[in-house]
Amino acid sequence: MGYFNMTLTPKKISVLAMIAALTVAISFFLKIPMPLTKGVVTVLDAGVIFAALRFGRVEGAIVGGLTGLLFDLLSGYPHWAIFSLLIHGGQGYVSGGKTHRTVWLVLSGVIIVAGYFLVSWLFYGFGAALADMSGNIIQSIFGVVVALTLARALVKVMYYVDYILVFI
């Protein structure tokens with residue numbers, strides 16, 4: 001049980017799917033190309049961290065894995081898809097920690113930066129991976145700031161959404 005003691009109801013699955021779909025859609029419009037690795041910096045982290053903050057570790061991992069996988073498959077980066085599923089899934093799981101939230105959010109950024117550094121090194125070499133790190137650091141910091149801002153702004157709204165979902 002422990003960390004995996006959660007219930008995936010149809011309502012929760014629907015909300016997580018909407019967060020993942022919205023995150024992927026927004027990431028298509030807000031992306032910065034990284035020339036050395038031919039990758040992009042996106043806003044995926046914001047949606048992943050928001051889901052983890054709002055619902056918890058496992059839900060954050062689900063949204064993280066889905067968004068990473070779907071974005072890469074739909075963007076023409078299929079060779080990255082399995083790595084993004086694991087890296088963003090790990091990010092979502094770690095960022096959902098309830099105690100010492102700052103530590104967990106920093107560790108989630110470390111997972112993104114280290115994970116993509118290692119895979120970039122594997123695909124493109126050490127130099128390109130090192131140059132690509134700055135984009136992943138920026139993406140991680142931006143994701144945390146946006147997710148925290150969104151989570152705080154939506155506290156009241158989510159109360160009403162949860163209330164409405166009870167009746168659906």
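Trainee: How many of the 12 residues of α2 are buried?

Mentor: In this predicted model, 11 of the 12 are buried, so α2 is largely enclosed by the rest of the structure.

Trainee: Which residues of α2 are the buried ones?

Mentor: Going along the helix, they are Leu44, Asp45, Ala46, Gly47, Val48, Ile49, Phe50, Ala51, Ala52, Leu53 and Phe55.

Trainee: And what covers them?

Mentor: The cover includes α1 (10-29), α3, α4, α5 and α6.

Trainee: What length does α2 reach, from its first C-alpha to its last?

Mentor: α2 reaches 17 Å, close to the 16 Å expected for its 12 residues at 1.5 Å a residue.

Trainee: What comes just after α2?

Mentor: Gly56 sits there, with a positive phi of about 130 degrees. Then look at Arg57, which is found in helix α3.

Trainee: Is Arg57 buried or exposed?

Mentor: Arg57 counts as buried, because its relative accessibility is 14% and the cut-off for buried is under 20%. The C-alpha atom of Arg57 is also separated by 4.2 Å from that of Tyr93, although the two residues are 36 apart along the chain.

Trainee: OK, switching to α4. Which residues are buried there?

Mentor: In α4 the buried ones are Ala81, Ser84, Ile87, His88, Gly89, Gln91, Gly92, Val94 and Ser95. They pack against α2 (44-55), α3 (57-75), α5 and α6 (126-153).

Trainee: What about the span of α4?

Mentor: α4 has 15 residues and reaches 21 Å between its first and last C-alpha, close to the expected 21 Å.

Trainee: You listed His88. What does His88 touch?

Mentor: Leaving out residues up to four places away in sequence, His88 touches Leu44, Asp45, Val48, Gly64, Gly65, Gly68, Ile112, Tyr116 and Gln139. His88 lies in helix α4, and its relative accessible area is 1%, so it is buried.

Trainee: There's another histidine, His100. Where is that one found?

Mentor: His100 is in the loop between α4 (81-95) and α5 (101-124).

Trainee: Buried or exposed?

Mentor: His100 is exposed, because its relative accessible area is 64% and exposed means over 50%. Its backbone is worth a look as well: phi of His100 is near 50 degrees, a positive value in a residue other than glycine.

Trainee: Let's zoom out. How many helices and strands does the protein chain have?

Mentor: Its secondary structure comes to seven helices and two strands. Along the sequence the pattern is α-β-β-α-α-α-α-α-α.

Trainee: What share of the 168 residues is buried?

Mentor: Buried residues make up 42% of them.

Trainee: Which contacts join residues at least 24 apart?

Mentor: Of the contacts between residues at least 6 apart in sequence, 67% join residues at least 24 apart.

Trainee: Last one: how many positive and negative side chains are there?

Mentor: The protein chain has 10 positive and 5 negative side chains, and the centres of those two sets lie 9 Å apart.

Technical notes:
Residues are numbered from 1 along each chain as its sequence is written. This is a predicted model: local features need pLDDT of at least 70, side-chain atom pairs count only at pLDDT 80 or more; totals for chains, interfaces and linings use all residues. Side-chain values use heavy atoms; hydrogens and water are left out. Helices (H or I, at least four residues) and strands (E, at least two) are DSSP runs, numbered from the N terminus. Buried means under 20% relative accessible area, exposed over 50%, partly exposed in between (1.4 Å probe, protein chains only). Contact means heavy atoms within 4.5 Å. Lys and Arg count as positive and Asp and Glu as negative; His and the chain ends are not counted. The place of a charge is taken as NZ of Lys, CZ of Arg, CG of Asp or CD of Glu. The expected span of a helix is 1.5 Å times one less than its number of residues.
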